[in-house]
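Have the viewer open and follow along, section by section.

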Amino acid sequence: NLHIFEIDSDVDGHSDRVDAFPLDTSQHSDFDGDGFGDDPFGTTPDDCPYQSGDSTIDFLGCPDSDGDGQSNQGDAFPNDATQMFDSDSDGYGDNPNGSFGDDCPTIFGESTRDRYGCPDADFDGWSDENDIFPNESSQWADTDADGYGDQLIGFEGDACPGALGNSTEDRYGCPDADGDGWSDDGDDMPSNPTQWKDRDGDGYGDNADGPEADEFPSDGTQWNDTDGDGH
């Protein structure tokens, strides 16, 4: 009788010829050929025995598209090797050093301009923490801190963003020495709060209700009519 003997290096009863792990007695088959054994109780058991994969962190041997070690099913960013988790589910990863790292990883947010993934109530891209006008999407900065935003075409845009001012009538946020609402540059009488226009340039204002009103606003040679005869 002819007896054929085959080598069984790990002495697990499976010859090296059919043993996918000839040096590991706890594993002998690897159906999907990914290097992780089919025996769930053996060394490095394959969590996805019928799908070839190389994940090593959450599951062993499962598909891992971006090669970061985290399986696709456990990776919030399966195609980005720099991010794995998204604790607040806002689309920005928890790894601050990865792509679009979330600056507020535990708080849902949509900011993108100053920081990623932080609360942005007005959806202008600036996080509420760094937005001077958190509820006005057309404004976010106020360089001179006068209450009027730097964006001129935004809501009440500051016409003098580098100079503190409280004008509101002709322009917003410019110096207004007499506090009548008209900016000093747009006020013909910047020291008289009751007057701001003087069409004829005679020094008397066009506002008939204010003191020193000009009864002849279009005639620079006249301003008063004591006897009321129109001359």
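## Disulfides

A search across the whole structure, which is a predicted model, turns up 3 disulfides. As a quick reminder, a disulfide is a covalent bond between the sulfur atoms of two cysteines. When the bonded cysteines of the protein are numbered in sequence order, the pairing reads 1-2, 3-4, 5-6.

Let's begin with cysteine 48 and cysteine 62, whose sulfur atoms sit 1.9 Å apart in their disulfide. The link of cysteine 48 and cysteine 62 is right-handed, with 90 degrees about the S-S bond. Cysteine 48 has a relative accessibility of 11%, under the 20% limit, and therefore counts as buried. Cysteine 62 is buried too, because its relative accessible area is 0%.

Next come cysteine 104 and cysteine 118, joined by a disulfide with an S to S distance of 2.0 Å. The torsion about the S-S bond of cysteine 104 and cysteine 118 is about 90 degrees, so this disulfide is right-handed. Both cysteine 104 and cysteine 118 are buried. Finally, cysteine 160 and cysteine 174 form a disulfide with their sulfur atoms 2.0 Å apart. The link of cysteine 160 and cysteine 174 is right-handed, with 90 degrees about the S-S bond, and both cysteine 160 and cysteine 174 are buried.

## Around serine 183

Is serine 183 buried or exposed? Serine 183 counts as buried, because its relative accessibility is 0%. The side chain of serine 183 makes a polar contact of 2.6 Å with the side chain of aspartate 170.

Setting aside neighbours within four places in sequence, serine 183 is in contact with Ser167, Asp170, Arg171, Cys174 and Pro175. Two of these names belong to other parts of this report: Cys174 is bonded to cysteine 160 in a disulfide, and Arg171 takes part in a salt bridge with aspartate 185.

## Salt bridges

How many salt bridges are there? The count comes to 3. One of them brings together the side chains of glutamate 129 and arginine 115, at 3.3 Å from N to O. Glutamate 129 is exposed, because its relative accessible area of 64% is over 50%.

Another salt bridge joins aspartate 185 to arginine 171, with the closest N and O atoms 3.5 Å apart. Aspartate 185 has 71% relative accessibility and so counts as exposed, whereas arginine 171 is partly exposed at 29% relative accessible area. There is also a salt bridge between arginine 199 and aspartate 206, where the closest N and O atoms are 3.1 Å apart. Arginine 199 counts as exposed, because its relative accessibility is 59%.

## Aromatic rings

The search of the whole structure finds 6 aromatic pairs. Among them, phenylalanine 100 and tyrosine 116 form an edge-to-face pair, 5.2 Å centre to centre and with 90 degrees between the planes. Phenylalanine 100 counts as exposed, at 51% relative accessibility, while tyrosine 116 counts as partly exposed at 28%. Ring pairs also gather Tyr92, Phe100 and Tyr116 into a cluster.

One more ring to look at is that of tryptophan 140. Which residue lies over the face of tryptophan 140? The answer is arginine 113, at 4.6 Å from the ring centre.

How values were computed
Residues numbered from 1 in each chain as written. Predicted model: local features only at pLDDT ≥ 70, side-chain atom pairs only at ≥ 80, totals over all residues. Heavy atoms only, no water. Disulfide = S-S within 2.5 Å. Buried < 20%, exposed > 50% of the residue type's maximum accessible area, 1.4 Å probe, protein only. Polar contact = N/O pair within 3.5 Å; in protein donor to acceptor, adjacent residues only side chain to side chain. Contact = heavy atoms within 4.5 Å. Salt bridge = Lys/Arg side-chain N within 4 Å of Asp/Glu carboxyl O. Phe/Tyr/Trp six-rings, centres within 6.5 Å; stacked < 30°, edge-to-face > 60°. Lys NZ or Arg CZ within 6 Å of the ring centre and 35° of its normal.
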